[in-house]
Every structure is written in structure tokens, then in C-alpha cells.
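Visitor: Hi, could you walk me through this model? I'd like to ask things as they come up.

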Amino acid sequence: MTRYFTEDHEWIDVEGDLGTVGITDYAQGQLGDITFVDLPATGATVSKGDSVSVVDSVKAASDIYTPASGTITEVNEGLADEPELVNTDAEVGGWLFRITLSDASELGSLMDEAAYKTYVESL
Amino acid sequence: MSAVNAAGWKPTMGETGEGGPAMQTASGDYGLMLEEALIFELGSADKSGVDIDAPERAPAAGLAKFLRKGAPALPGLTEPEAVRHYTRLSRQNYAIDLGPFPLGSCTMKHNPRLNEKMARLPGFADVHPMQPQSTVEGALEVIEQLADWLITLTGMASVAMSPKAGAHGELCGLLCIRAALDARGEQRDVVLVPESAHGTNPATAAFAGFKVESIPATPDGRVDVEALKAKLGPNVAGVMITNPNTCGLFEPEMKAIGDAVHAAGGYVYCDGANFNAIVGKVRPGDLGVDAMHINLHKTFSTPHGGGGPGAGPVVLSEALAPFAPLPFVTRGADGSIHLVEEENRGEGHAQAFGRMVAFHGQMGMFTRALTYILSHGADGLRQVAEDAVLNANYVLRSCEDVLPAPFAKSGPCMHEALFSDAGLAEGFSTLDIAKGLIDEGFHPMTVYFPLVVKGAMLVEPTETESKAGLDRFIASLRSLAERAKAGDQSLHSAPHFAPRRRLDETQAARKPVLVWQD
Amino acid sequence: MRYLPLSPAERAEMLGVIGAASVDDLFVDVPEAARLNGPIADLPMHASEMAVERHMTRLAAKNLSAGSAPFFLGAGAYRHHVPASVDHLIQRGEFLTAYTPYQPEIAQGTLQVLFEFQTQVARLFGTDIANASMYDGSTACWEAILMAARVTRKGKAVLSGGLHPHYGEVVRTMARFTGDEIVSLDTDLTAEPDDAAVIGAIDDKTSCVVVQYPDVLGRIPDLAAIAEAAHATGALLVAVVTEPVALGLIEAPGALGADIVVGEGQSLGVGLQFGGPYLGLFGCREKFVRQMPGRLCGQTVDAEGKRGFVLTLSTREQHIRREKATSNICTNSGLCALAFSIHLTLLGGKGLAQLAAVNHAKAQALVERLTRIPGVELLNQVYFNEVTLVLSRDAREVVRELADRGVLGGVSLGRLFPVADGLHKGLLVAATETTTSEDIETFATELEALLVGVPA
């Protein structure tokens, strides 16, 4: 399994052609208390960079852009009752959706963990 | 660090953990600090404060299958109970009538009571919107007289009176622009909005079917005119500019912006939220504006009522006037007043883009606004703008040594003074100052807006504050700034002396409870 | 000037603090050419309270107020008796001169009222939840159509022919710009509402059907049947209530399957006011809450654990979502919502039911008397407090002539539906608890005088 990061603070774990997407711990810290996650519809076909989900905090709504193109296969239903999972466990239990990748070559433009760390430090 | 209360009296009731256990009363009330239950806890469905005669006949047989099963589960109260319930609740509100309400961009000025009295004359308050015209000549004349004042004060060609609030007026203006473009046979789908704009501007543009492109601000808080010009082109329908802008500054290049937009085939929408600063001093029509809404509840003192109703007539240039929505009141050459509706739109208003409301708009606000305008007259309105600007600059110059004023160096402000929270102690921000003001007995200023200034505090005193009132406010604001610089932890838990401490907004949003459950 | 506290000496002192020579120095950013150098010419100067009062009173006197004549208008705005305490309470400065409750610690009065209001509206409508009010019934109706499109991800709304034509106009005006598809059914002078046509117009692309209840002609549609047909294709039923007092007598739309219920709240507490300000009511199913337009007040606790209220779910709104907001609406109709809520609290559930029963009885008395006149026929046998009469002549003229005789005798369908043929003899008349038998008798006498002897 390989983890990649975007400049918009999404992470994607890739195993074969299946990706799991969430927002980074840094991002949840910036957003504050998450109150609601608007998840994409399963079965939807999306393109890299599309706004597919919205994460709400009390005073902000942040669009989540898919790091890769493909078809949404599953969403984290647990977030409906416990949106705070994105705060407490952003990079594991607070995942947002799973996606079947249609073009693995897109991942090449994303950051690895070290690059993302440097990127965050530069902000 | 200055004292919390200059008078030397520091209530401790309700403060736990700061000065020992709170004193408890058996009732839960503390003197004049009164708690109040919900009507669902107080009333019952068979209680009533209205005496109604028994119906003279039973429901018609045909109605049988539609009848409600049992009375609605709505709690009732007798009149004394109801009066007490709402009076007690009212005392948990801050209001202009209690003290300064310096919300930037909101123009919380005194609401003259004559306005209320006039709006309640039966000839205005008890008139149906679809009575025959011969029985509502006076109502139509109110609309026409107010329209005439708004046109003259803004130097525009026409005004659409029906929009119900500022955002509705914005929508009306943008729909006029869409209709004008349609009439020209042009498909322009982009509206330019400065990043400092109020959120309604982009929301309205999107609602009207436009794509929004943002224009940056210059370091001195104005629209970046060059960036704006660079974006103009055949796809640009227009721009939405707030002037005076949300930083409390006049846009000196307004005319040049208008000329450039017009040369590129677009229209200029001006957000008139801040018209109070310039009423009687400048006419937007002289600056190339094509459409501008006027918040009657700001500049013309109709009450905010805890969040509406507002009123948002839109003044229009010659180019946009033909597209104003129905219904529309006009005055003929002979002085007679005509109401144009769908059935007679052919009489000079055939290009109207449609209808935005069921009836004539906010008539109750028109009577109040006209009363206010007649009270002030041309001279008084000019004085309103001058005093509003004077009061704001007085606050600006009286506080800029303790709170950074990011644009103060570039000159005077208009009707509102903008500060930032830079320079407070680590961990202290605008929110602490705002909540501290509540303990000082004031309503906070507008906070975290405009977005272009970090930790923004936008103070709009309005012209109806006395100098003595301003001096008290300034003393409190200075004291709070000093306490926040000194790291006074008690600010983090402010307010201490309001009906409620800080409320848990996260819980409210995560698990919304929007209705009472028995 | 009685509203401006600064004295000339104070102005001078303040200019000194600012460091400006004159107030004009504060307007330096305004280009010289655009600056006005004195009061705008040809406009009157300031005036005393007495003078303004005289002017406004003269204008008011040119209108024939509803309370000073036999009065039978409805069509989306109804004259009801408003208890004196309602107007007294809404004029308390703490309600009247407060702003939107963005600082909840010092706005619990307004917020608790909104929470109570939301609950009252939801219970009246039979919906799970309701918002803190909107501009008016017509704009709430359009917002409901937009919301239905968001919920169903479909874009075609079907409007019943029984929908108030002004509401229909608002919807069609807005839809022209947003690109939503609107199917407007015809309005016909039939005794029954157009339920079958509405059901027939539903297809797989339909986001919602919009049905007024009672409808604009006073007929009562079968909402349960329409809801069933709509739900079968995944469409929503939007019920529109322009006379909320009716819901004291007839079943709540939510209980009959309506997914969104909107309405005009003017009937309770607000008064006629020549059309505004009124207040839009908006209720719906709880599962749509994140798609709702308008302000919402929610219950929570403060730092000491005390119950309190805040505006919530504001991430749907324009000031946060900007161009992605669910609506561009920025204000609700707060003070009208307060008046509505107080009036409803004074009535209570049983009082509302009683009030509704009286309204219906008055309408029965009106119908009974008027239909005895040659040249007057009743269109709909089933009605609440408003019915359509078919006259032997053009009702527009009759309404004008009645006004000349001092009677405000209803709303002609010719004015409501100027482009529809075949409706011009229709006259919409309403009765409420304010209607007296003397009013009915005067109306009947004058109407008879106008109709009898005039050929059909």
C-alpha cells in the first residue's frame, strides 16, 4: 500500500487499483471541529480534481477534491453519526470514500509523505 | 491591566471556578436576570388568550374527508402568561434601544418611533394588496414618493421597489442585467466580484446563473483596478462593487471602473449596503452605476427586528430601467399614478423580466422609510452621512494606537473603522475582544469580516450615537485591547455577565435539534 | 435635527481629535467632480414630527382600509383579528431594534422565539422540521422547488393550476434564469381541483409537484393521492399553504405525505399591510435538513451547561458558502415570525381549531347569501374560507363598481389571471372571523344591484 498527498491536504492510500481517500491531520486541525461530512454518491464517476465531498465545521465548509479519477465504490457511513472521527482519527478511521482508479498514472503528480511534510512546513 | 468594571462593582453570580461557588437561588432567577421556559413547557393546547365565539354552523358535509384529526399540538397561553413570556424573553436581547450596536456593514442606527406610528395608520396597515386601485391611491403614492426620493438621491433613472431585502435586490439587479443582455442577444456569463465582497454577492451571482470570478484587493484595501480591467472581455456580464467598500473605504476609481466595464459591454452593479456613508454627498448615478440596491433597513432606519424583514429597492440606470420586474408604479405626465401588473404590462413596461414577489414588496417598510426621509429632508440626510463618517473616524483615530488599523494610513475611513487583532498576546484574537465587549455592556462590532483582513473588527457607530456614548465605547475598546495584549485569561471565558456564557455551536451543528420534542 | 445627537461644538472637537480641518476632509477619496456641495436642490428640507405626521396621515386617508368597509378579499392575503398584545410585544425595543442573533449570548430572546416558531410551524404543517422563516410565501415556494431539485437531482417541477398565479409568476421568472424546467398546468373553472392533471404530468424527470392547499380558487386537493403518485417516480410533493388558519380545520399537509410544505404566514399576527412585509413558512422532512434554505435555530448548551439556542448549520448559507450557498437569502422575516408566533401562542391548538371553524362557518353564510342572487353561481362545493363564484358578467368590472359603492367585494380572476381566457367571470371571495352578517348583507345588496338586469 502506498500513500500519496495533494496540495489541498487530501491523502490517498492505493492498493492495486483501489484507493482510499481522506483529509490529513494537518487539514482537520486547520478546520476545527468537524460537524458534518457530505459524502459522494457511490457509483459516481469522477475526474481528478473534481469537488466530490464537503467537510463542514461550524464556520467553514471545505470542498474535498478527489486526488484521482475513477468510480466511487464506498463511503464511510460511520461519519453520518460521528463526523468527529475526521478530527480524532483523520488519517485512518476518518477516511471519506473509496475509489476504483481509472488511471494510475495520475498518482505520479502527487506528493509522498516526506514531500507533503516539507510542503506543510512551508505554509 | 485595567479594571473589569470602572464603577468598581464586579458581579460574581453565575461565575463558577472564579471566586468560589456561585450563589444559588431557588427560582434560578437572579434579581432582574430572569430565565424563561419554552411555550411547550408552559402552555397547553386547550389554553387560549383569545376568546372566540362558537361557530354558527358545523363544517359542510363535503369537507368531512379533509378534516384534521384533532386540534394541532400547539401550546396556548392566556394573555397575561403570553405577555410575561415574551417580555421576559425580550430582556435576554441586546438592542439599539439599550446601547451602541456598532456592527460594521449593518448600519444599526436609531429607529425613529414616528416611523412605527405611521406604518400602523389603518390606511396603510389595513389595506389589501389586491384592492381596486381607486381604493389604494394613497398607498401607491407612498411607493411613488419614496421611489422619487431614491431616484433623486442616487441620480439614477428608475427604481424597482418590490425586492424584499438586500440580497433580493442584488438578485433583481443581476436579473435586470441578464434581461438586458438577452435583449441585446448576447451570452455573457461571468460576473466579477472583489474578494472583499460580502458573501451575498457571489451567492447572488451564482443564483442568477452567472459564473463568479474573483478580483483581488490592493494593499490599501481597494479593488485592484488593473486586475479588474485585465479580466474584462466579451464574456463578462458585469461587476459587483461595494462602494463604500467592506473595508470602510470609498473606491476612488469607481468612475474609471464603470467606464472600463461599459466600454467592454458590461454593466456595473453596486452593492448599496454602505449608502449611509454617502447619502446626500455623492450620487452613485454620477459614478457610472447601472444598478444598486438600497437597504431601507440600514440607511433609512426601518427596524432590523431581530433579523428582518428588510427591504431592498434597486435603483436602475436608463440602460436597465426597462427590465425592472412587475408590479411597478409609475406617474403619468398628468401626475396620475398607475400600477403596472401583468395584465397591463404593455403600457410602457413590456420588457419587464417578470415578477419577484407575490405582491408589491415591503409596503410597511416603505411607509417607515418615507417617514424617515421626510423627517430628515435633503439637508438632514446629508448631515446623516457627515455625522456617520465623523463618528467612524473619531473611533478610528481614538483607538488606532492600541489596535492596528490596517488601512488607516491611507487616509480617512468612511462610515466604519476597520481594525485587526494583530499584536494581541499569544492565543488572543478578535473573538476575545468581541466577547469582552459584551461584558462591557456593548454589542460587539462585526468580526472576521471582511475576509481580506485577518481577525477583522469592523466598527460602524452610525450617526445616531452621541459623543458621550462613543467615548464610553472607545474607553471599553481600549481597555479590552490592553487586556488582550497583557494576556488577561478572563477574556477567553467572556462573556461572564450575559444571559448565557459561550454556546456550544459544534454540538448544535453535529446533532441539530431544530424543534422541541415533548 | 431631532435624530442627530452631535452638537456643532462636539463636531468641531471631534474633527480636532481626528486631525481634519473640516468634515469635507473626510470625503477626500470621493472624486471632486462627484461631490455634491450642498443639499440636493428641489428636495424638501427636514420637517418636524408634526408636519411629517400630517403628510403621511393625508396619504393614508386616501386609502379605503379594510376595517372601514365590508371586506371580502383573500387570494393569498387574509384579514384576521390580531390580538392587541401581539403588536404591543413586537414593539418592545429589545425585539424591534435587535439584529440577526449572531452573538447568541445576548440574543437568547430572539433565538428562543425562533426555536419556538420553528416548532410551531412544523406542528402546524405536520413536518419534522421548519426554518426560521423566509421573505414571503412566493419566494418560499421557489426555494422549495430549488431544494427539491437538489434532493432528487432532477430539474423539472410541475405546478398545479391551483397555485396562486403570482407564485407561479415568481417561479417562472426565476426558473428562466436558472434553467430549471417548469410545467405550468392550466387553471380552469371546474368544481374540482386539478389533481388528475397533476398526477398525469408526473414522469421520471419530475423533481417535484407544487400543489396549493386549499388552492387559489378555494378548492381542496387530495394531497395523499398526489403524494403517492409523486413518490412512485421519486418526485417530491411540495404543498403550498397561503391561508395557515385553514390548518386548524383540515389535515396538515405533512400528515398527508407532503415532503416540503411552504406557505405564507401573514394570516397570523402580521396584518394586510398592502402586501408586505409578510413571512414565508418552510417545513420539510428531517432528512433534507442539509439541503434546506434559510436560517435555522438550534438548541445547544452554554459553557455552564445551561440550555441555549444558536443559529446553526450556517455552512449552507451565503456568508460561508458564497457562490455555493443553498440560497442567496441573507435575512429572514424575524419580526413577522415573532408576530406569527405570539398570535399562535395566544390561540393555542384548540383556539386555532375554533378560529378555523368560525372562518369556515362565516364562509358558508356568505356563500348561502350570495348564491341566492340571480347571476351568481358557486363553483366549488368544498372550500375552507374562500370560494370562487361565477358571475353573469365580467367580475373585474363588478369589483370596481362595488368599490365605488363602498364594498371591497373580492378579487376578480380576470386580474389574477390576465392572460387566461374563460376565467373573467370568476370572483374569488373570502370570509374570516372579522366578517359580520351586516357586511354580508351589504355586499349581497350591492352585488344584486349590479347583476340584476344586466344581461349575461
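Guide: Buried here means 20 or more other C-beta atoms within 10 Å of the residue's own, exposed means 12 or fewer, and partly exposed is in between, with C-beta atoms placed from the backbone. This is a predicted model, in which local features need pLDDT of at least 70 and side-chain atom pairs count only at pLDDT 80 or more, while totals for chains, interfaces and linings use all residues. Residues are numbered from 1 along each chain as its sequence is written, and chains are lettered from A and ligands numbered from 1 in the order in which they are written.

Visitor: What is phi of Ser301(B) near?

Guide: Phi is near 65° at Ser301(B), a positive value in a residue other than glycine. Ser301(B) sits in the loop between strand E6 (291–293) and strand E7 (314–316) of chain B. Helices (H or I, at least four residues) and strands (E, at least two) are DSSP runs, numbered from the N terminus.

Visitor: And Gln273(C), buried or exposed?

Guide: Gln273(C) is buried, with 28 other C-beta atoms within 10 Å. Its phi is near 50°, a positive value in a residue other than glycine, and Gln273(C) is found in the loop between E6 and E7 of chain C.

Visitor: Which peptide bond is cis in that part of chain C?

Guide: The one from Gly276(C) to Pro277(C), with omega near 0°. Pro277(C) is in the loop between strand E6 (260–264) and strand E7 (280–284) of chain C. In chain B, a cis peptide bond joins Ala494(B) and Pro495(B), with omega about 0°. Pro495(B) is in the loop between helix H12 (467–485) and helix H13 (505–510) of chain B.

Visitor: OK, on to cores. How many residues are in the largest nonpolar core?

Guide: That core has 356 residues, and those with the most contacts inside it are Cys176(B), Ile145(C), Val209(C), Val210(C), Leu237(C) and Val238(C). A nonpolar core is a set of buried Ala, Val, Leu, Ile, Met, Phe, Trp, Tyr and Cys residues joined through C-beta atoms within 7 Å. Helix H11 (residues 334–370) of chain C brings the largest share of this core, 21 residues.

Visitor: What does Val209(C) touch?

Guide: Leaving out residues up to four places away in sequence, its contacts include Val158(C), Ile202(C), Ala230(C), Leu237(C) and Val238(C). Two residues are in contact if their C-beta atoms, placed from the backbone, lie within 7 Å.

Visitor: How many residues does the contact between chains C and B take?

Guide: 171 residues come from chain C and 176 residues from chain B. H11(C) gives the most to the side of chain C that touches chain B, with 23 residues. That side divides into 89 nonpolar, 54 polar and 28 charged residues. Ala, Val, Leu, Ile, Met, Phe, Trp, Tyr, Cys and Pro count as nonpolar, Asp, Glu, Lys and Arg as charged, and the others, Gly among them, as polar.

Visitor: What domains does chain C have?

Guide: The assignment gives domain 1 (68–80 + 348–451) and domain 2 (84–344); domain bounds come from an automatic or database domain assignment. Taken over C-alpha atoms, the centres of domain 1 and domain 2 of chain C are 27 Å apart. Their contact takes 31 residues from domain 1 of chain C and 26 residues from domain 2 of chain C. On the domain 1 side that touches domain 2 of chain C, H11(C) gives the most, with seven residues. By class, that side has 19 nonpolar, ten polar and two charged residues.

Visitor: And how is chain B divided?

Guide: Into domain 1 (116–371) and domain 2 (379–501), with 30 Å between the centres of the two domains of chain B, taken over C-alpha atoms. 18 residues of domain 1 of chain B are in contact with 19 residues of domain 2 of chain B.
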